[in-house]
Amino acid sequence: MADLALTSGPAMPRRDGAARPARGVGTILVAWMLMLPAIVTYVLMILLPLVAVLALAFTDYEFGAQGFRFIGLDNFAEMLGDRTFGASIRNTLVYSLFVVPLSIGIALLLAVLIEAGARGRAFFRAVFFLPVVSLTVAMATAWQYLLHPSIGPLNAVLRDLGLGTPNWLGASEWVLVSLGFIGIWENVGFNLVLFLAGLTAIPRDLYAAAEIDGVRSGWSKFWLVTWPMLGPTLLFVLIITMTRAIRVFDTVQTLTQGGPNNASEVLLRTIYQEAFHYFRFGYSAAVTLVFLAIVLALMLVQTRLIDRRVHYG
């Protein structure tokens, strides 16, 4: 018993007056051992790459070069006159402003309709979630056929109706719109599942209490009960959807490769092209920092403006 008392350490008083055993060195060591895999992963996968990007952004390093030199802000100054970079910034913002509100609005509408239905919830969840679990490249190939200007089913229908048949992926005025609709199709299913989880978590008693208070219509119940209680879910969906929209790459690279005439060039593709096509790792790192700054700024604005209005039950 004496040995046990020595190894466990003296009893420490708690606020409620009861005694609790002190944390020994062994307990602290076990805690650090349990955290070690996560710490190592964070350092190797996030911290070190971020430090490398920060360092390379101020150099002229090119892949395969014998050396590199510090050039200060020259890479960032070059961006100001880079038409490709300007087009990628503009297209990324336009794409995000088009995809984010529509994908969230459609997903919320579908979630409310599915949750209100008595049957088929599991079926509709699986159907709308299918684009999320499908391979992006495979789905992009399917969209390439659907939107083909001559043999695509969409233009075939428009042709039968006597309407125009745009070159959806080959015309500058249509390519970003086409990619936007594909992005909405990709994001609706993911957002739908999140909204369904949020709707399921709302207590049914609140709707019963609203009816007792005279709230009868479905719209009134949605506005007074559902919408405020969905605040945390909506904030999470908004942040996730904005992030997914800004980092669009797969569909652009597969379907248009940034064309025609940079009409569908986006930030991630610019980073990829500069690093792995032109091997300008220094300039690519500088563009990456701008990309990260935009994402961080948008996240801060969203959380500052929306989080204050969110009701956490």
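Reader: Why is Asn262 called partly exposed?

Author: Asn262 has a relative accessible area of 29%. Buried means under 20% relative accessible area, exposed means over 50%, and partly exposed is in between (1.4 Å probe, protein chains only). Asn262 is therefore partly exposed. This is a predicted model, in which local features need pLDDT of at least 70 and side-chain atom pairs count only at pLDDT 80 or more, while totals for chains, interfaces and linings use all residues. Residues are numbered from 1 along each chain as its sequence is written, and side-chain values use heavy atoms, with hydrogens and water left out.

Reader: What makes Asn261 count as exposed?

Author: The relative accessibility of Asn261 is 74%, so Asn261 counts as exposed. Asn261 lies in the loop between helix 12 and helix 13, and Asn262 is placed in that loop too. Helices are DSSP runs (H or I, at least four residues), numbered from the N terminus.

Reader: What is the phi of Asn261, and what is the phi of Asn262?

Author: Asn261 has a positive phi of about 55 degrees, although it is not a glycine. Asn262, also a residue other than glycine, has a positive phi near 60 degrees. Most residues other than glycine have a negative phi, and most peptide bonds are trans.

Reader: Which peptide bond is cis, and what is its omega?

Author: The bond from Gly259 to Pro260 is cis, with omega near -5 degrees. Pro260 is in the loop between helix 12 (250-255) and helix 13 (267-276).

Reader: Why are helix 4 and helix 8 called oblique to each other?

Author: The axes of helix 4 (residues 83-116) and helix 8 (residues 172-200) cross at roughly 40 degrees and come within 6 Å. Axes are lines fitted to C-alpha atoms, for helices over the stretch in contact, and angles run from 0 to 180 degrees between N-to-C directions. Angles under 35 degrees count as roughly parallel, over 145 as roughly antiparallel, 65 to 115 as roughly perpendicular, and the rest as oblique. Helix 4 and helix 8 are therefore oblique.

Reader: How does the span of helix 8 compare with the expected one?

Author: Helix 8 has 29 residues and reaches 43 Å from its first C-alpha to its last, close to the 42 Å expected at 1.5 Å a residue. The expected span is 1.5 Å times one less than the number of residues.

Reader: Where is the kink in helix 8 centred?

Author: The kink, of about 30 degrees, is centred on Val188. The bend at a residue is the angle between axes fitted to the seven residues ending there and the seven starting there.

Reader: Is Val193 buried, exposed or partly exposed?

Author: Val193, in helix 8, has a relative accessible area of 32% and is therefore partly exposed. Val193 and Leu108 are 85 residues apart in sequence and 9.6 Å apart in space, C-alpha to C-alpha.

Definitions and conventions
Helices (H or I, at least four residues) and strands (E, at least two) are DSSP runs, numbered from the N terminus.
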